[in-house]
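Work through the exercises below with the model open beside you. Try each task before reading its solution.

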Amino acid sequence: MLHDQSHHPLAGKFIVFDGVDGCGKTTQLLEFEKHLHAQGLETKRIREPGSTPIGEEIRKILLTKRGEGLHIRAEMLLYMASRAQLVFEEIRPALAAGITVLADRYTSSTLAYQGAGGGLPADEIRAVAGVATENLWPDLTIILDISIASARRRTTKKGNLHQIGLFQDRIEQRAALYHQRVRDDFVSQCSQFPQRYRLISAVGSPAVIHKRICTATDKFFRRRK
Ligand code: TYD
């Protein structure tokens with residue numbers, strides 16, 4: 001039987017991994033989950049948008065051709081609708097049971113993509129997020145930071161055609177500038193909210209980045225027991 005881990009500083013905590021496409025957050029989230037399991041912690045892993053049957057339907061609108069013509073405000077509200085469903089169906093019950101929740105993206109993504117990228121004011125997004133989640137904010141948001149050029153090389157290596165397409169020609173330069181604004185915003189969220197965010201360099205081998213995340217997280221939660 002597992003030892004009782006209810007007093008572990010990470011038990012029942014809500015941790016988000018975020019950053020630009022290609023920063024490696026999904027790989028790192030999975031490694032971090034293994035690290036928590038090795039300590040006997042129970043975890044719940046989610047990704048946004050999606051992770052609930054309703055959220056997966058919303059994801060299809062947002063991330064396929066079905067979403068063509070979506071106004072930026074409607075887009076932002078759909079991300080929030082998916083998030084609201086996820087918070088009440090999965091995240092809150094898990095946290096209440098003392099389970100550590102690991103999320104691949106959360107409101108930090110809406111601030112970066114629909115806010116800095118799409119032009120919506122951050123305070124409006126935060127207000128809608130407060131309503132959608134009944135003010136559920138992560139205990140810690142880990143931003144994995146990498147240059148857009150390096151992130152692009154990673155996604156290209158993985159053969160992500162959507163990403164290759166994003167950078168193909170001159171018209172797509174606009175997309176590169178958009179991604180730069182997104183990256184800059186993730187970094188600026190970290191300096192705006194140092195008590196809830198950690199900025200981690202995503203340059204280096206997966207093992208090195210994993211170590212950085214473990215060290216930063218240990219320090220963060222040891223101080224806040
Ligand atoms: P991503 O993590 O890339 O999912 P996957 O790797 O499974 O395709 O996220 C999908 C896209 O959604 C990504 O380009 C960022 C975007 N996104 C937003 O624009 N706003 C949001 O609030 C969220 C959660 C994601």
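The model is predicted, so local features need pLDDT of at least 70, side-chain atom pairs count only at pLDDT 80 or more, and totals for chains, interfaces and linings use all residues. Residues are numbered from 1 along each chain as its sequence is written, and side-chain values use heavy atoms, with hydrogens and water left out.

**Exercise 1. The overall layout**

Task: Count the helices and strands, and give their order along the sequence.

Solution. Start with the assignment: helices (H or I, at least four residues) and strands (E, at least two) are DSSP runs, numbered from the N terminus. The protein has nine helices and five strands. Their order is β-α-β-α-α-β-α-α-β-α-α-α-β-α. Of the 225 residues, 45% are buried. Last, take contacts, meaning heavy atoms within 4.5 Å. Among those between residues at least 6 apart in sequence, 77% join residues at least 24 apart.

**Exercise 2. Helix H2 against helix H3**

Task: Describe how H2 and H3 pack, and decide whether they run roughly parallel or antiparallel.

Solution. Two packed helices are described by the angle between their axes and the distance between the axes. Axes are lines fitted to C-alpha atoms, for helices over the stretch in contact, and angles run from 0 to 180 degrees between N-to-C directions. H2 covers residues 53-63 and H3 covers residues 72-96. Their angle is about 160°, and the axes lie 9 Å apart. H2 and H3 are therefore roughly antiparallel. (Angles under 35 degrees count as roughly parallel, over 145 as roughly antiparallel, 65 to 115 as roughly perpendicular and the rest as oblique.) The crossing of H2 over H3 is left-handed: the near helix is turned anticlockwise from the far one by less than a right angle, whereas clockwise would be right-handed. On the H2 side, the contact residues include Pro-53, Ile-54, Gly-55 and Ile-58. On the H3 side, they include Leu-78, Tyr-79, Ser-82 and Gln-85.

**Exercise 3. Ser-82 in its setting**

Task: Locate Ser-82 and list what Ser-82 touches.

Solution. Ser-82 belongs to helix H3. Its relative accessible area is 1%, so Ser-82 is buried. Leave out residues up to four places away in sequence, and Ser-82 touches Pro-49, Gly-50, Gly-55 and Ile-58. The C-alpha atoms of Ser-82 and Ser-51 are separated by 8.7 Å, although these residues are 31 apart along the chain.

**Exercise 4. Helix H3 against helix H5**

Task: Give the angle, axis distance and handedness for H3 and H5.

Solution. H5 covers residues 122-133. H3 and H5 pack at about 35°, with axes 8 Å apart. H3 passes H5 in a right-handed crossing. Contact residues in H3 include Met-76, Leu-77, Met-80 and Arg-83. Among those in H5 are Ile-125, Val-128 and Ala-129. (The rule asks for NZ of Lys or CZ of Arg within 6 Å of the ring centre and within 35 degrees of the ring normal.)

**Exercise 5. Aromatic pairs**

Task: Classify the pairs Phe-17 with Phe-32 and Phe-193 with Tyr-197.

Solution. Rings of Phe, Tyr and Trp (its six-membered ring) pair if their centres lie within 6.5 Å; planes under 30 degrees apart count as stacked, over 60 as edge-to-face and the rest as tilted. This rule gives six aromatic pairs. Phe-17 and Phe-32 are tilted, at 5.7 Å centre to centre and 50° between the planes. Phe-17 is in strand S1 (residues 14-18) and Phe-32 in helix H1 (residues 25-38), 15 residues apart. Phe-17 counts as buried at 0% relative accessibility, and Phe-32 at 1%. Phe-193 and Tyr-197 are stacked, at 6.0 Å and 25°. Phe-193 is buried at 15%, and Tyr-197 at 6%. Arg-196 lies over the face of Phe-193, 4.7 Å from the ring centre.

**Exercise 6. Helix H4 and Asp-145**

Task: How many residues of H4 are buried, and what does Asp-145 touch?

Solution. H4 spans residues 107-117, and ten of its eleven residues are buried. Tyr-113 is one of them. Tyr-113 also forms an aromatic cluster with Tyr-178 and Phe-186. Just after H4, Gly-119 takes a positive phi of about 95°. Now turn to Asp-145, in strand S4 (residues 140-145). Asp-145 counts as buried at 14% relative accessibility. Beyond residues up to four places away in sequence, Asp-145 touches Arg-183, Val-187, Leu-199, Ile-200, Ser-201, Ala-202 and Val-203.

Methods. Buried < 20%, exposed > 50% of the residue type's maximum accessible area, 1.4 Å probe, protein only.
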